[in-house]
Amino acid sequence: MLKVSRQADGRPEIFFSVQGEGRNMGRPSVFLRLALCNLACAWCDTKYTWDWQHFDPREQVLEMAAPDAENEITRPNCKHLVVTGGEPTLQQKQLIPLLKRLRDQGIGVEMETNGTVAPIPELALLVDHWNVSPKLESSGNPPSKREVSSAYAFFAALPSADFKYVVHDERDLAEVRGLVSKYNLESEKVFLMPQARDRETLLEKSRWLVEVCKREGYRFSTRLHVLLWGDARGV
Ligand code: SF4
(Lines give C-alpha, C1' and ligand atoms only; values in the text may rest on other atoms or scores of the structure.)
Protein backbone atom coordinates (compact mmCIF):
# COMPACT_ATOMS: atom_id res chain seq x y z
CA MET A 1 0.00 0.00 0.00
CA LEU A 2 1.18 3.50 -0.81
CA LYS A 3 1.06 6.25 1.79
CA VAL A 4 -0.41 9.21 -0.09
CA SER A 5 -0.94 12.74 1.16
CA ARG A 6 -4.59 13.52 1.84
CA GLN A 7 -6.33 16.79 0.95
CA ALA A 8 -8.62 18.74 3.30
CA ASP A 9 -11.69 17.07 1.74
CA GLY A 10 -10.25 13.62 2.49
CA ARG A 11 -9.38 12.82 -1.12
CA PRO A 12 -5.83 11.76 -2.07
CA GLU A 13 -3.52 14.57 -3.17
CA ILE A 14 -3.57 13.51 -6.82
CA PHE A 15 -4.33 16.41 -9.13
CA PHE A 16 -4.03 17.58 -12.72
CA SER A 17 -1.94 20.70 -13.32
CA VAL A 18 1.21 21.75 -15.19
CA GLN A 19 4.74 21.03 -14.02
CA GLY A 20 5.88 24.29 -12.42
CA GLU A 21 9.62 23.73 -12.15
CA GLY A 22 12.66 22.39 -13.95
CA ARG A 23 13.15 21.00 -17.44
CA ASN A 24 9.50 20.00 -17.92
CA MET A 25 8.03 23.29 -16.70
CA GLY A 26 4.72 23.97 -18.41
CA ARG A 27 4.00 20.34 -19.27
CA PRO A 28 0.46 19.21 -18.36
CA SER A 29 0.93 16.58 -15.67
CA VAL A 30 -0.91 14.60 -13.07
CA PHE A 31 0.75 14.96 -9.66
CA LEU A 32 0.87 12.24 -7.03
CA ARG A 33 1.99 13.57 -3.66
CA LEU A 34 3.32 10.88 -1.35
CA ALA A 35 3.62 11.18 2.41
CA LEU A 36 6.78 10.68 4.53
CA CYS A 37 10.20 12.32 4.34
CA ASN A 38 13.64 11.52 5.76
CA LEU A 39 14.66 15.20 6.03
CA ALA A 40 13.18 18.16 7.91
CA CYS A 41 13.80 21.34 5.92
CA ALA A 42 13.09 24.51 7.88
CA TRP A 43 11.34 26.11 4.90
CA CYS A 44 9.50 22.98 3.70
CA ASP A 45 6.14 23.91 2.19
CA THR A 46 4.74 20.36 2.52
CA LYS A 47 5.32 19.73 6.23
CA TYR A 48 1.91 18.10 6.37
CA THR A 49 3.50 15.09 4.60
CA TRP A 50 5.98 14.33 7.40
CA ASP A 51 5.94 16.67 10.43
CA TRP A 52 3.97 14.60 12.92
CA GLN A 53 4.68 17.03 15.77
CA HIS A 54 2.48 19.61 14.07
CA PHE A 55 0.22 17.49 11.86
CA ASP A 56 -1.81 14.36 12.60
CA PRO A 57 -0.88 11.50 10.24
CA ARG A 58 -4.39 10.05 10.65
CA GLU A 59 -5.73 13.22 9.00
CA GLN A 60 -2.92 13.76 6.50
CA VAL A 61 -2.16 10.30 5.13
CA LEU A 62 -4.23 7.90 3.09
CA GLU A 63 -3.26 4.31 2.26
CA MET A 64 -3.92 3.39 -1.36
CA ALA A 65 -3.54 0.19 -3.37
CA ALA A 66 -1.99 0.47 -6.84
CA PRO A 67 -5.30 -0.03 -8.79
CA ASP A 68 -7.03 2.75 -6.80
CA ALA A 69 -4.12 5.14 -7.34
CA GLU A 70 -4.08 4.21 -11.03
CA ASN A 71 -7.79 5.09 -11.35
CA GLU A 72 -7.16 8.53 -9.85
CA ILE A 73 -4.07 9.18 -12.01
CA THR A 74 -5.25 8.16 -15.48
CA ARG A 75 -6.96 10.92 -17.48
CA PRO A 76 -7.89 10.84 -21.16
CA ASN A 77 -5.72 13.85 -21.99
CA CYS A 78 -2.59 13.43 -19.85
CA LYS A 79 0.24 10.96 -20.32
CA HIS A 80 2.68 12.41 -17.79
CA LEU A 81 2.87 11.73 -14.06
CA VAL A 82 4.97 13.67 -11.56
CA VAL A 83 5.61 11.75 -8.33
CA THR A 84 6.40 14.17 -5.55
CA GLY A 85 6.31 14.34 -1.77
CA GLY A 86 7.52 14.18 0.87
CA GLU A 87 10.31 11.94 -0.33
CA PRO A 88 9.07 9.38 -2.90
CA THR A 89 12.11 7.08 -2.69
CA LEU A 90 11.08 6.09 0.84
CA GLN A 91 8.27 4.13 -0.81
CA GLN A 92 10.09 2.83 -3.83
CA LYS A 93 9.10 -0.82 -3.45
CA GLN A 94 5.45 0.13 -2.99
CA LEU A 95 5.61 2.35 -6.11
CA ILE A 96 6.73 -0.39 -8.48
CA PRO A 97 3.32 -2.11 -9.06
CA LEU A 98 1.69 1.27 -9.76
CA LEU A 99 4.42 2.50 -12.12
CA LYS A 100 4.33 -0.79 -14.03
CA ARG A 101 0.59 -0.41 -14.59
CA LEU A 102 1.06 3.18 -15.74
CA ARG A 103 3.88 2.27 -18.09
CA ASP A 104 1.58 -0.30 -19.72
CA GLN A 105 -0.74 2.61 -20.49
CA GLY A 106 2.04 4.72 -22.01
CA ILE A 107 2.24 7.17 -19.12
CA GLY A 108 5.69 8.70 -18.61
CA VAL A 109 6.99 9.21 -15.08
CA GLU A 110 8.98 12.07 -13.61
CA MET A 111 10.09 11.73 -10.00
CA GLU A 112 11.15 14.40 -7.53
CA THR A 113 13.62 13.49 -4.82
CA ASN A 114 15.95 15.08 -2.30
CA GLY A 115 18.70 12.80 -3.64
CA THR A 116 19.58 11.06 -0.38
CA VAL A 117 18.30 7.59 -1.34
CA ALA A 118 19.44 5.88 -4.54
CA PRO A 119 16.64 4.04 -6.36
CA ILE A 120 16.67 0.28 -6.57
CA PRO A 121 17.27 -0.91 -10.18
CA GLU A 122 13.66 -1.98 -10.69
CA LEU A 123 12.40 1.51 -9.85
CA ALA A 124 15.13 3.27 -11.83
CA LEU A 125 13.93 1.43 -14.96
CA LEU A 126 10.39 2.77 -14.50
CA VAL A 127 11.28 6.47 -14.11
CA ASP A 128 11.88 8.53 -17.25
CA HIS A 129 13.15 11.68 -15.59
CA TRP A 130 14.49 12.55 -12.13
CA ASN A 131 14.36 15.99 -10.54
CA VAL A 132 16.97 15.73 -7.82
CA SER A 133 16.73 18.61 -5.37
CA PRO A 134 19.56 18.24 -2.84
CA LYS A 135 19.26 20.33 0.27
CA LEU A 136 21.80 22.92 1.41
CA GLU A 137 22.99 24.01 4.84
CA SER A 138 20.25 26.66 4.97
CA SER A 139 17.64 23.87 5.00
CA GLY A 140 18.65 23.15 8.60
CA ASN A 141 19.39 19.45 7.97
CA PRO A 142 22.76 18.15 9.24
CA PRO A 143 25.38 17.31 6.55
CA SER A 144 25.20 13.57 7.27
CA LYS A 145 21.49 13.55 6.44
CA ARG A 146 21.31 15.98 3.51
CA GLU A 147 24.38 14.76 1.59
CA VAL A 148 24.64 10.99 1.13
CA SER A 149 27.67 10.64 -1.15
CA SER A 150 26.74 7.29 -2.67
CA ALA A 151 23.26 8.51 -3.66
CA TYR A 152 24.61 11.85 -4.91
CA ALA A 153 27.16 10.04 -7.09
CA PHE A 154 24.47 7.67 -8.39
CA PHE A 155 22.24 10.52 -9.57
CA ALA A 156 25.24 12.51 -10.88
CA ALA A 157 26.02 9.63 -13.25
CA LEU A 158 22.40 9.11 -14.33
CA PRO A 159 21.66 10.69 -17.75
CA SER A 160 17.98 11.13 -16.85
CA ALA A 161 18.65 13.19 -13.69
CA ASP A 162 18.68 16.97 -13.36
CA PHE A 163 19.80 18.74 -10.19
CA LYS A 164 17.60 21.54 -8.92
CA TYR A 165 18.89 23.74 -6.10
CA VAL A 166 16.68 26.09 -4.13
CA VAL A 167 18.82 29.19 -3.60
CA HIS A 168 18.17 31.85 -1.00
CA ASP A 169 21.37 33.93 -1.00
CA GLU A 170 25.10 34.12 -1.84
CA ARG A 171 25.95 31.56 0.83
CA ASP A 172 23.69 29.00 -0.80
CA LEU A 173 25.26 29.81 -4.13
CA ALA A 174 28.79 29.22 -2.84
CA GLU A 175 27.67 25.85 -1.47
CA VAL A 176 26.10 24.90 -4.82
CA ARG A 177 29.35 25.71 -6.64
CA GLY A 178 31.22 23.42 -4.24
CA LEU A 179 28.77 20.55 -4.75
CA VAL A 180 28.75 20.93 -8.54
CA SER A 181 32.54 20.68 -8.49
CA LYS A 182 32.66 17.81 -5.95
CA TYR A 183 30.21 15.61 -7.89
CA ASN A 184 31.31 16.83 -11.32
CA LEU A 185 27.79 17.88 -12.33
CA GLU A 186 27.31 19.19 -15.87
CA SER A 187 26.08 22.79 -15.64
CA GLU A 188 23.50 21.97 -18.36
CA LYS A 189 21.82 19.69 -15.80
CA VAL A 190 21.95 22.14 -12.90
CA PHE A 191 18.91 24.36 -12.29
CA LEU A 192 18.90 27.22 -9.79
CA MET A 193 15.52 28.14 -8.39
CA PRO A 194 14.68 31.01 -6.02
CA GLN A 195 13.47 30.17 -2.54
CA ALA A 196 10.10 31.92 -2.34
CA ARG A 197 6.53 31.21 -1.31
CA ASP A 198 4.99 34.41 -2.65
CA ARG A 199 5.08 36.15 -6.02
CA GLU A 200 6.91 39.31 -4.93
CA THR A 201 9.80 37.44 -3.27
CA LEU A 202 9.99 35.11 -6.24
CA LEU A 203 10.30 37.95 -8.76
CA GLU A 204 12.84 39.84 -6.68
CA LYS A 205 15.10 36.81 -6.21
CA SER A 206 14.62 35.75 -9.83
CA ARG A 207 16.15 38.99 -11.13
CA TRP A 208 19.29 38.23 -9.11
CA LEU A 209 19.42 34.51 -9.92
CA VAL A 210 18.93 34.98 -13.66
CA GLU A 211 22.10 37.09 -13.73
CA VAL A 212 23.95 34.37 -11.82
CA CYS A 213 22.81 31.76 -14.37
CA LYS A 214 23.88 33.96 -17.29
CA ARG A 215 27.29 34.44 -15.72
CA GLU A 216 27.97 30.87 -14.55
CA GLY A 217 26.17 28.72 -17.16
CA TYR A 218 23.55 27.13 -14.90
CA ARG A 219 19.91 26.93 -15.90
CA PHE A 220 17.26 29.04 -14.23
CA SER A 221 13.93 27.67 -13.07
CA THR A 222 11.06 29.74 -11.82
CA ARG A 223 8.24 28.31 -9.68
CA LEU A 224 5.28 28.61 -11.98
CA HIS A 225 2.76 27.48 -9.37
CA VAL A 226 3.88 30.26 -6.97
CA LEU A 227 3.54 32.84 -9.76
CA LEU A 228 0.07 31.59 -10.65
CA TRP A 229 -1.41 30.49 -7.33
CA GLY A 230 0.86 31.68 -4.52
CA ASP A 231 1.08 29.24 -1.60
CA ALA A 232 -2.05 27.21 -2.47
CA ARG A 233 -2.09 23.44 -2.05
CA GLY A 234 -3.17 20.83 -4.61
CA VAL A 235 -2.87 23.05 -7.74
S1 SF4 B 1 13.14 17.11 1.44
FE2 SF4 B 1 11.36 18.11 0.50
S3 SF4 B 1 9.56 17.24 1.55
FE4 SF4 B 1 11.37 16.70 2.76
S5 SF4 B 1 11.45 18.30 4.32
FE6 SF4 B 1 12.79 18.96 2.61
S7 SF4 B 1 11.48 20.22 1.28
FE8 SF4 B 1 10.12 19.06 2.67
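Predicted model: local features only at pLDDT ≥ 70, side-chain atom pairs only at ≥ 80, totals over all residues.
1. Residues are numbered from 1 along each chain as its sequence is written, and side-chain values use heavy atoms, leaving out hydrogens and water.

2. On overall shape, a compact globule of 235 residues would have a radius of gyration near 18 Å, and the protein's 17 Å agrees (taken over C-alpha atoms; the rule is 2.2 Å times the number of residues to the power 0.38). Along the principal axes, the C-alpha atoms fill a box of roughly 45 × 35 × 35 Å.

3. Now the ligand. Its shell (residues with a heavy atom within 4 Å) consists of Cys 37, Leu 39, Ala 40, Cys 41, Trp 43, Cys 44, Thr 46, Trp 50, Gly 86, Asn 114 and Lys 135. That shell splits into seven nonpolar, three polar and one charged, where Ala, Val, Leu, Ile, Met, Phe, Trp, Tyr, Cys and Pro count as nonpolar, Asp, Glu, Lys and Arg as charged, and the others, Gly among them, as polar.

4. As for secondary structure, I see nine helices and ten strands in the protein, as DSSP runs (helices H or I, at least four residues; strands E, at least two).
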